[in-house]
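Have a look at the structure first, then work through the points in order.

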Protein chains: 2
Amino acid sequence: MRKVTMDDVAKRCKLSVATVSRVYTNPEKVSPKNREKVYRAIEELNYQPNMLARNLRKLQTNSILVVIPNIMNTFFSYILKSIQNTAFENGYQVLLGDTDKSPEMEEKYLHLLQQKMVDGVIFLYPRMHPSEIQRVIDKHPVVIVGHQETPADIPFVINNNRLSSQTATEHLIRLGHRRIAYFSGPLGLSLSKERQEGFFSAMEAHGLAVDESLVCEGDFYFQSGYDLALQMLASPNPPTALVAASDEMAIGAMKAARKLGISIPDEFAVVGFDDIKMALICEPPLTTMAQPKEDLGRISVEMLIRMMKGEPLSSKHVILNDELVIRESCGFHLNRL
Amino acid sequence: MRKVTMDDVAKRCKLSVATVSRVYTNPEKVSPKNREKVYRAIEELNYQPNMLARNLRKLQTNSILVVIPNIMNTFFSYILKSIQNTAFENGYQVLLGDTDKSPEMEEKYLHLLQQKMVDGVIFLYPRMHPSEIQRVIDKHPVVIVGHQETPADIPFVINNNRLSSQTATEHLIRLGHRRIAYFSGPLGLSLSKERQEGFFSAMEAHGLAVDESLVCEGDFYFQSGYDLALQMLASPNPPTALVAASDEMAIGAMKAARKLGISIPDEFAVVGFDDIKMALICEPPLTTMAQPKEDLGRISVEMLIRMMKGEPLSSKHVILNDELVIRESCGFHLNRL
DNA sequence: CCATTACATGTATGCGTTTACAAAGATTCT
DNA sequence: AGAATCTTTGTAAACGCATACATGTAATGG
């Protein structure tokens, strides 16, 4: 029982390869009688079309590449999951490109486009410079998720970082906090800057001074939130609340507070960003700006598919809104705004 | 700037396609002088070989499929990450197949093998029946991770569930606990059964009776641990310790304990299984059996690559040992065994 | 100096499909 | 009935590369 090709099934049912091929691509073009014969032959021989040949002939692979900073991060993997689901429903395979946040890796993966290994790519939170991206992809279908600094007109879908950060900050202000700290992500990233701006503008809008010593740059991860908070909370004039640009940092900060015997939310309120799985499970459950992860994934795939099919995009840039989910880390958790 | 093929670069440097092709596959077979010319032409034309053609010609894709129950689960995604890294280092792409634990999805993804879309697959924690797997893969390279019920001789790499569960239980026993609860995973899975056996055998070995009302079947996830513990801890005669077959369930149980005002580890000790990221971050940090996730991933890829190359396997079945990492959820956390 | 070998290159075939085109058969219309 | 049209099928040419084989050229040995 060696490899069975389309020729074999053609012989088997005494038809040409062309008609056999047609029952796959244009079943309605072949007579019901012969179609039946072909199906039977396929069944009997347990034939499966060779995708390599099909791909070469059609010059497409029906697969897309997802370039992702880190699959271990549940925020990213949630989006990835949404992407995979949507892709699968539409008959696309997804190739995984975990970059460990390295621009070099990003570029390597992008080359799969010119090599025709994938028909398109979804680029999650790129670190590469936009103009570099443009240079590499050279008119291939790409949609970017989570980053809008794209002078080249690459389609993207993002959330409204500035607004959301503002909302988070205002939540704390409304709760009576005046001395509020802010932990940002790496400021090299535009989304970090946007979120930081949102914080500043909310403070300003309410006539609150920002103590610069209370705004620090982290790296989005747990440890940095922990370290930063440990130091800050032990200082002479600690903040009463914190806006963190990621849930992990927020949770790290809470852990630091607990270590110092500072109770949350009574003595220290914190709000995070992302709504990762842990936000619900940690102690106390974290109030956070929930990003529309599912939509980010789904919409990006839908856009990409349209591009790959050469259909027009209703809009090249999609901006989604986040939602403040209030749990217990800020107090007054029964108040729905 | 149209699609540039190997013919173009051949013309450009006034050589045949054969020699151009050879600088990719057997550079040493072409004279240094011409090799240089080819390189230059490639550079000038910005040529990238078309993988579709190459794949068809060589009847292989240099990519592997990873079938995975759920990428959102950091335990799985850790292994996936290790797989991706190893694959990348060896020049392989990884295609993602998230199944949401559905055997039907598993089977669909497995078909990519016969369709030649991938050269081999790594099958993480399959739910399909082994004989079904055998039927579908039909002599293609496959290695299974985390499941050994494979009458068909498919290579696998697993951890020693029975032993580890025993070790975890003994840790609690040594700490003086006698009334110990056990939360298992779905008992349809062989690894759940193995872990449960380990628990029972440890108890028996120490002459301890197992109260059947204290062993419950969960589903590995947070919520089930929470629900089970909430009920059990509120009962008249609660256990003083718990062995959970997953970290998520363990953390769920700790959360339930906290809700009931039961202090950990003083009134209730718990040990988990897996050593997921959250185990370090949760409160208190969880003592757990750490699986060799990195090795599980790396070794499975290494085995698969050998198989794809037709090289012999030094051993078809690899069994790795877990490691008890002692943190604070059982007390006496300064004691290294 | 020619026979033998080693090396470098070119020619041409095939990998397994899809599809444009041609051909043949069935159907409709005048 | 013959022309015109539609439907169904077959023939053959790609798709872009790798490679067996043939050819040509340089190096080696007697």
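Predicted model: local features only at pLDDT ≥ 70, side-chain atom pairs only at ≥ 80, totals over all residues.

1. Six strands make up an open sheet in chain B, in the order 7-6-8-9-10-12, and the pairing is mixed. The edges belong to strand 7 (215-217) and strand 12 (323-325) of chain B; each has a single partner strand, so one side of each is left without a neighbour in the sheet. On average, neighbouring strands here are turned by 15° against each other, ignoring direction.

2. Strand 7 of chain B pairs with strand 6 (residues 180-184) of chain B in the parallel sense, over 3 bridges.

3. Over to chain A and its domains. The division gives domain 1 (6-49), domain 2 (62-160 + 293-321) and domain 3 (161-291). Between domain 2 and domain 3 of chain A, the C-alpha centres are 29 Å apart, and their contact takes 16 residues from domain 2 and 17 residues from domain 3.

4. How much area do those two domains of chain A bury between them? About 1400 Å² for domain 2 and domain 3, with 41% of it on carbon and sulfur atoms. Asn159(A), Asn160(A) and Lys293(A) supply 37% of what domain 2 of chain A buries against domain 3, more than any other three residues.

5. Finally, the two chains together. In chain A, 52 residues are in contact with 52 residues of chain B. The buried area comes to about 5000 Å², and carbon and sulfur atoms give 65% of that. Leu52(A), Met72(A) and Lys81(A) supply 14% of the area chain A buries against chain B, more than any other three residues.

6. Keep Lys81(A) in view: its side chain meets that of Asp100(B) in a salt bridge (3.1 Å, N to O). Across the interface of chain A and chain B there are 10 salt bridges and 26 residue pairs in polar contact. Helix 5 of chain A gives the largest share of the side of chain A that touches chain B, 7 residues.

Key
Residues numbered from 1 in each chain as written. Chains lettered and ligands numbered in written order. Heavy atoms only, no water. Pairing = 2+ DSSP bridges. Helix = DSSP H or I, 4+ residues; strand = E, 2+ residues; numbered from the N terminus. Axes fitted to C-alpha atoms, helices over the stretch in contact; angles between N-to-C directions. Domains from an automatic or database assignment. Contact = heavy atoms within 4.5 Å. Buried area = accessible area lost by both parts, 1.4 Å probe. Salt bridge = Lys/Arg side-chain N within 4 Å of Asp/Glu carboxyl O. Polar contact = N/O pair within 3.5 Å; in protein donor to acceptor, adjacent residues only side chain to side chain.
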